[in-house]
Amino acid sequence: MTFKLTKQRKEIIDVFAKSDKPLSAEMVFVKLNNQRINLSTVYRNIEMLMRANLIGKLYLNNLAYYYYNHHNHVHYMVCEQCHHMVEIDCVHEQFNHVAEANNFKITHHDLVIYGLCKECLNH
């Protein structure tokens, strides 16, 4: 998909590129701190950037978070107490074997593992 790289889109992409963790649309809006970009514009641009495969999407606690898709598809481990996120590699080969054995075609997937991080376990 091709698209015009507007100033607003570049600003949104830059927010994701500088972040080391997934962000909600509201978090992007706050980080932009730009009175010319409203929240609905952020949502529309995120959707367009997802169609262009520049932004990925995952759900954490029933809320959509987005991330700059600068490398292979990843998953996250999330601490239920402090919400620290750890990026982990995707193991899609294992999913494909299960899908094939059950005559199932995977179109996409998300995987979030919840637990407690080392710091929260020690408190």
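Is Asp14 buried, partly exposed or exposed? With a relative accessible area of 28%, Asp14 is partly exposed (buried means under 20%, exposed over 50%, partly exposed in between, using a 1.4 Å probe and protein chains only). Keep in mind that this is a predicted model, where local features need pLDDT of at least 70, side-chain atom pairs count only at pLDDT 80 or more, and totals for chains, interfaces and linings use all residues. Residues are numbered from 1 along each chain as its sequence is written, and side-chain values use heavy atoms, leaving out hydrogens and water.

Asp14 has a partner: its side chain meets that of Lys10 in a salt bridge, 3.1 Å from N to O (a side-chain nitrogen of Lys or Arg within 4 Å of a carboxyl oxygen of Asp or Glu). Lys10 and Asp14 sit four residues apart in helix H1, so about one helical turn separates them (helices are DSSP runs of H or I with at least four residues, strands are E runs of at least two, and both are numbered from the N terminus). Lys10 is partly exposed too, at 43% relative accessibility.

By that rule the count comes to two salt bridges. The other one to look at joins the side chains of Arg36 and Glu11, at 3.8 Å from N to O. Arg36 lies in the loop between helix H2 (25-32) and H3, while Glu11 belongs to helix H1, so this pair ties together parts that are 25 residues apart in sequence. Arg36 is exposed at 56% relative accessible area, whereas Glu11 is buried at 19%.

Now for how H1 meets H3. The axes of H1 (residues 7-18) and H3 (residues 39-51) come within 10 Å and cross at roughly 75 degrees (axes are lines fitted to C-alpha atoms, for helices over the stretch in contact, with angles from 0 to 180 degrees between N-to-C directions). The two helices are therefore roughly perpendicular, a label that covers 65 to 115 degrees. On the H1 side, the contact (heavy atoms within 4.5 Å) includes Ile12, Ile13 and Phe16, and on the H3 side Val42, Ile46 and Leu49 are among the residues involved.

Last stop, the sheet. Three strands form an open sheet in the order S4-S3-S5, with mixed pairing (two strands pair if DSSP finds at least two bridges between them). S4 (85-89) and S5 (112-115) stand at the edges with a single partner strand each, so one side of each has no neighbour in the sheet. S3 (residues 74-79) and S5 run parallel, joined by four bridges, and Met77 stands opposite Ile113 in S5.

Notes:
Angles under 35 degrees count as roughly parallel, over 145 as roughly antiparallel, 65 to 115 as roughly perpendicular and the rest as oblique.
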